[in-house]
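Open your viewer and let us walk through this model together, one selection at a time.

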Amino acid sequence: MATGRGRILRQHWLGLQAQRGPLQGGGWPRGSAGPAAWRAGATGFRKGPGVKSSAGRTAVKQYARRGQHSEKSSNCSISLDRMPSEILLKIFSYLDAVNLLCAGCVSRRFYHLANDNFIWLRIYSTVFSPKRSNWKVNSVEETTVSVSGLSVEDKEAGYWKKEYIAKQITSVKTALAQVLQPVSPYTGLPVKTKEALRISGLGWAIVLKEKSGKEYIMQHVDLSLNDTSITVVWYGKNWPCLATLTTLDLCGVTPVFMDRHKPPAKNGLFCHFASPWNRKKCLCHTEIRPRWHSLIAKYDLSHLTESTMIGCDRLVQIFCLHPGLLVGLWKKEEELAFVMANLHFHHLVERSTLGSASVPYELPLHSPFLDDSPEYGLHGYQLHVDMHGGGVFYLCGTFRNLFTKKGCIEDGYVKLVVINFKNNREHLPLIGKVGLAWRTNIFDGFIKSCSIVDITLLDEHRKPFWCLSSPVCMRSAACPSDGPNFLGQTYYVDYMDTEGRVHAELVWIEETEEYFIVSLVLYLSVAKINHWFGTEY
């Protein structure tokens, strides 16, 4: 019994020594057996009278863990904090650009050392060295030293780091521009949008900002590609409290080095304060990688009110924030359940890559098309419309040779009839059960009468005139419509932004249990038309 208590007291004393750590240097005090012998002694511990073996093993394990942690932290502090800068610079000179940027995120000292111009000039010269010619005998290294050796000392710290990153971003943009150059004559959109998304490693993130200035960055969890749009979804368990949040920023996230990109971690929630190179502390221990953020849209979370709610089921209620954002809240807690962004392919890659973290990408200035016959109004327009929800398409149609007369202007809008209410042959059915499917990592559900609508309107020159992708809902009318050959409950679908409005009428047919679109009208802003054609309607 005395022997057992003595062993436990000895283990307790060793654990306290490990927690205190040595006064000078690392390791254990001279003459002690060290952690290896201590663990060996713990393994061969014999149970004495009055001593429970389970309690003894638990105590030994706890002290062992503390000792290991203290020993590692002590050695780490000695090897890093006390290491001369010359040695650290020598070590950094063997790192590539990605690992060098990551090393600069460790501490303030590492950040300044990792900005060394000599190291970054070597990386810059290796990647962007001029092409060799047969008559040149000097090596790349000799050319770099002879030409740029004196300019290194003249530049401020971090100059060549900025030059290298800027040129990497430019090369990514150039490669994407070449991929997106071919345009389909039928849709007016780039033919290889999906390929551009794949080769660029492009992803999307939402930035949730608190009133205190704290930010939470969450990488997308799931996405689905549609005919003319992409649906991006975020969900998880570690959402911040909604009451503390003020805004939500939607950003495209692109690897700075396209050849080294990795897919973003699922359910990756970050918390950080603003920094130039995306240095974040990741709660899911995801590897830190240099990525470029491009702001797409900014949303005010105070607008999650009854006026923006478009549907609900027994678990969640969903809100629509323009442009194209769907926010799901749990009914019981009124906290975030999921976020869904709907992005149209038109200028999607440019908006997701060419902006900055605080300023969105600005579209190039539009040169007005010459309207040869303004007195005849709009003619030769083409519309492609999709209605889908959760990967299921309810409507997919293309309407050609649309026109409207100059006199069809009401309240600042030009009326463009796509499906005529009085023409029975133009009415179209919706396939399947209309609704919006949602899911999180725990629950899933289906919200009736809600869906996503994608609109792609091309002008007479087959150029995209108006493109959108947004959640919509069907709202029942006060009285049923009496069509030419049917009688049923009428529903309205409406959408509106600064460029125009969409109004659709649907009728529920009891006999066949399906919806029919009996009217579809686009209202185009006169200001948009005048800006597009240089007219004065």
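Start by colouring by pLDDT, the predictor's confidence in each residue from 0 to 100: the protein chain averages 78, and 72% of the residues score at least 70. Now select residues 19-61, where pLDDT is below 50 and the stretch has 35 contacts beyond near neighbours in sequence (contact means heavy atoms within 4.5 Å). This is a predicted model, in which local features need pLDDT of at least 70, side-chain atom pairs count only at pLDDT 80 or more, and totals for chains, interfaces and linings use all residues. Residues are numbered from 1 along each chain as its sequence is written, and side-chain values use heavy atoms, with hydrogens and water left out.

Next, the largest pocket, with a volume of about 1500 Å³. A pocket here is an open set of points on a 1 Å grid over the protein atoms alone, where a 1.4 Å probe fits, with protein on both sides within 12 Å along at least five of seven lines; lining residues have an atom within 4 Å of a point. The volume is the space filled by probe spheres set on the points, which are joined across faces, edges and corners. Select His346, His347, Arg351, Leu363 and Cys467, the closest to the pocket's centre of its 49 lining residues.

Then go to Pro323: the peptide bond from His322 to Pro323 is cis, with omega near 5 degrees.

Finish at Glu334, where phi is positive, near 55 degrees, in a residue other than glycine. Glu334 counts as exposed because its relative accessibility is 51% (exposed means over 50% relative accessible area, with a 1.4 Å probe and protein chains only).

How values were computed. Buried < 20%, exposed > 50% of the residue type's maximum accessible area, 1.4 Å probe, protein only.
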